[in-house]
Amino acid sequence: MQLGKVAQPRSLKDAHRLIAKLLEQDEQRRIKAANSRYVFSWDEPYFDSPTEKRRLRILSGLFKAVTKCGAKPSVSKDAKDVSVTVGDEHVHIELEVIDDGCKGTKSQNRPHDRFKLTIKEGWRSKEQDQYVWEDNKDEKIESMLRNIAEDVILAGERHYRTHKEYQYQWTLERKQELIEKERQRIEMEARLEHERKEKLRLERIQLLLDEASAHRQACDIREYIARVLDLSGTSLLPAEQEQLMIWVEWARAQADDLDPIVSGRFQIDRPLE
């Protein structure tokens, strides 16, 4: 970090370009107000008061210092929203007037306003608002600008490290999530495969039971046919004997159709899974 000497800003003559731009815009507001019959408060210059001019001097000195390190400052048109981009990280800065308890007196009318400058840490930081400087009886913020600029740059580096650590932790967590999802997927596939095989096994057993039952029924029919033939003997008339044989043929066909062995429904080479 090559900051070198950081001068205390005593005027706005050689202001940082962003501050010079604010002053130009303020001058345009002043000219417009002077030429307007009616002037609204939001159209008036922002930086006419000693307090606001000092705000600009502080920011100008800080911006010049951080620019030496390659950082890029930015500021809103009223100089209240301030940030410095260090690398790809944005460091937000708050420069506010300290309330000294002078009720009823507007800040711009108080001759000796005290300022407090705070480096706002990122939302992932565990130590928010830790870096604070304020005017005291021994020194002003202007004399602290070198240390402030150094800490702004360091805050950007901290943000960067915090961001990278967050990315690393997120990557680890994401990796663990993917590993867990893959484990669950494999476990579910194995469970579904087990259930499929179990269902198939039960279906094959039920089929076996059904075929055995059908075979027994076919055997019962054949045995019944044989008993009918035995008992009928030669007592039947020729016409009745002919009808009996028709019935026997039909009954045997039903038994053969019911029997999985004779009908061919039973196949010993069925795939076993």
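Visitor: Is E52 buried or exposed?
Guide: Welcome, and please keep in mind that this is a predicted model. E52 has a relative accessible area of 12%. The cut-off for a buried residue is under 20%, so E52 counts as buried.

Visitor: Which helix holds E52, and which residues is E52 in contact with, leaving aside its neighbours within four places in sequence?
Guide: Helix α2 is where E52 lies. With neighbours within four places in sequence set aside, the residues in contact with E52 are Y46, F47 and K80.

Visitor: How do α1 and α2 pack, roughly parallel or roughly antiparallel?
Guide: Two packed helices are described by the angle between their axes and the distance between the axes. Here the angle is about 150 degrees and the axes are 8 Å apart. Angles over 145 degrees count as roughly antiparallel, so α1 and α2 are roughly antiparallel.

Visitor: What is L117 in contact with, leaving aside its neighbours within four places in sequence?
Guide: L117 is one of the residues with the most contacts inside the largest core. Leaving aside neighbours within four places in sequence, its contacts are L62, I93, E94, L95, Y131, V132, W133, I141 and I148.

Visitor: What is the order of the strands in the open sheet, and which are the edge strands?
Guide: Strands of a sheet pair through backbone hydrogen bonds, either parallel or antiparallel. In this open sheet of five strands the pairing is antiparallel, and the order is β1-β2-β3-β4-β5. The twist from one strand to the next averages 20 degrees. Pairing on one side only marks out the edge strands, β1 (72-75) and β5 (131-134).

Visitor: How many bridges join β2 to β3, and which residue is the bridge partner of S83?
Guide: β2 and β3 run antiparallel, and the bridges that join them number five. For S83, the bridge partner in β3 is H92.

Visitor: Which strands does α3 lie across, and at what angle does it run to β3?
Guide: Follow α3 over the sheet and you will see that it lies across β2, β3, β4 and β5. Its angle to β3 is about 140 degrees.

Visitor: What is the phi of A79, and is A79 buried or exposed?
Guide: Most residues other than glycine have a negative phi. A79 is not a glycine, yet its phi is positive, at about 65 degrees. This residue is found in the loop between β1 and β2. With a relative accessibility of 1%, A79 counts as buried.

Visitor: In what order do the elements run from the N terminus on?
Guide: The protein has five helices and five strands. From the N terminus on, they run α-α-β-β-β-β-β-α-α-α.

Note on methods: Residues numbered from 1 in each chain as written. Predicted model: local features only at pLDDT ≥ 70, side-chain atom pairs only at ≥ 80, totals over all residues. Heavy atoms only, no water. Core = buried A, V, L, I, M, F, W, Y, C linked by side-chain atoms within 4.5 Å. Buried < 20%, exposed > 50% of the residue type's maximum accessible area, 1.4 Å probe, protein only. Contact = heavy atoms within 4.5 Å. Pairing = 2+ DSSP bridges. Helix = DSSP H or I, 4+ residues; strand = E, 2+ residues; numbered from the N terminus. Axes fitted to C-alpha atoms, helices over the stretch in contact; angles between N-to-C directions. Parallel < 35°, antiparallel > 145°, perpendicular 65-115°, else oblique.
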